[in-house]
Amino acid sequence: MAASRSTSSKLNHVNLNGRTLEGGGQLVRIAIGLSALTGRPISIDHVRGNREGKKGLQRSHAAAVKLLAEISGSKVLGGEVGSQFLTFSPQSTRSKNGPLLDLSQVIVKSEYDIKLTTAGAIFLVFQALYPYLLYVGSQAAAPFVKVNITGGTNATHSPSYDYAAQVVVPNFARLGLPPLSIILNKRGWTTGPVDLGAVTFLVHTLGSRYNPNGENQPQESSEKDQTLEPLCSFPRINLMDYKRGKVTQIDITVLAPDQPTLNTDGEDGTGITARQFIEQVTQRALRRATRKLNPSIFAKRSTSTPPEEDLLSESSAKDTPVPIKIHTSEATNHRSHVYILLVAHTSSGFRIGHDILGSVGGDRLSKPKNKGKQKQQPSHDPRRDSQNNIAFSAAADLVRRCVEGFIEEISNESPKAQTEQKRGAAVKRACLDKNMRDQVVVFEALGKACHAGEHATEATDTETLEDERDWTLHTKTAQWRLFKRAKDPGELPSRPALIISARERVPDRN
């Protein structure tokens, strides 16, 4: 059996060029996750070859590789920080009933702890582990698998805790994945002073009889039911089966310092804080921007009296197509710890988000001098006024860029020029924002592989295709990794076929 498995692994070995398309860490995360799930060994040359500065694995990538290898019992070559070549070789065999692992050979613990030594993005590490834990977690002696990760909750070029909790989790549930709970224990920022955060994930698995109401209690099931293959299958996902829906509400999340104070022209010398300023400017910018959009984007407002907790005044609320509310407002301790997230709720049950991470200038927050003394201070300090103007300008620019990106996401017009699509096919935008879109590709692929033998829905006279103009480089990279590639790696087939299908093919080395 050992010789047979060795031969099979050699024939199915996949070689990838880490410089393809996005050429960063996403290719590594998806590749090792899919390798662990299918039992196919992979090798990656030129790891993160398109990244500026240092190439190779960073600490967060190395941590994901190490833990996934430990969980899956895989062997790793080149998994250390800085390595530009990686080989990931699973030791488990594939199930006879499908393209994924034989669960009877997998041992899974109920809890895992990952501690990054820097504020690397927690959610990018989790992204590499999540598909595997969804599938094999049913073997754990608990209704869910608990994953504790220490690192950065608000990191550059990465999903934040807020985006994950408000956008990713609801969208995954809407697409048919089991419940996922995310608990914030402490925030950690990659900007400014090193500050590690901590997050706990509760992963309900595909094979568990989870309660659809979200309670953490497994439902009783018979021994016969537990052996059924569909319980351990990824759901089939086709985004074109879902309506984009109309925007029903917009939520605002603001994380910013309460210093400096801005617009300090009151008689008492006080004014609004940086956080309050961002809240107010964001609300005003959203009101102006949404009024200019096509009304068909929004659901009709209720004629009932606005609730008291609505932070917009009644007169202002009447001027907006949908309610605009503050979801979270939290004070931070450093000028570089500024974060804004805008989330649109849709009538189809999806969330569309856009966020930005930035700074309001300066290295540290100002502290009061001569504490306890009654020395008269000048009503206007030119140096302080100059610093406040810089902070004011930086905050306003962050708001402007975040609102512009958000409006682009919810508008019914795609921002880029029309690309060639299949003739005779209807084209529509997906129900997700651009950043969420690339996180769904792996589950589209796994769902299609698990249901490869089933009959697809009947074709209609007019085929509906997804508008590719909104695909980011991350989305194209994920699709290139998970589907058969065209001759040119940059060209994606309109009807991709999985490379993890039942009939194996060894992909060409690029």
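The chain contains 11 helices and 16 strands, where helices (H or I, at least four residues) and strands (E, at least two) are DSSP runs numbered from the N terminus. The model is predicted: local features need pLDDT of at least 70, side-chain atom pairs count only at pLDDT 80 or more, and totals for chains, interfaces and linings use all residues. Residues are numbered from 1 along each chain as its sequence is written, and side-chain values use heavy atoms, with hydrogens and water left out.

Of the 510 residues of the chain, 51% are buried (under 20% relative accessible area with a 1.4 Å probe, protein chains only). Among contacts (heavy atoms within 4.5 Å) between residues at least 6 apart in sequence, 75% join residues at least 24 apart.

Four strands form an open sheet with mixed pairing, in the order E1-E2-E4-E3; two strands count as paired if DSSP finds at least two bridges between them. Strand E1 (14-17) and strand E3 (75-77) are the edge strands, each pairing on one side only. On average, neighbouring strands of this sheet are turned by 15° against each other, direction ignored; axes are lines fitted to C-alpha atoms, for helices over the stretch in contact, and angles run from 0 to 180 degrees between N-to-C directions.

Strand E1 pairs with strand E2 (residues 42-45) in the parallel sense over four bridges. Within E2, Ser43 is the bridge partner of Asn15. Helix H2 (residues 25-38) packs on the sheet and touches E1, E2 and strand E4 (85-89), its direction making about 165° with that of E2. Helix H3 (residues 59-72) also packs on the sheet, touching E3 and E4, and its direction makes about 15° with that of E4.

Key. Buried means under 20% relative accessible area, exposed over 50%, partly exposed in between (1.4 Å probe, protein chains only).
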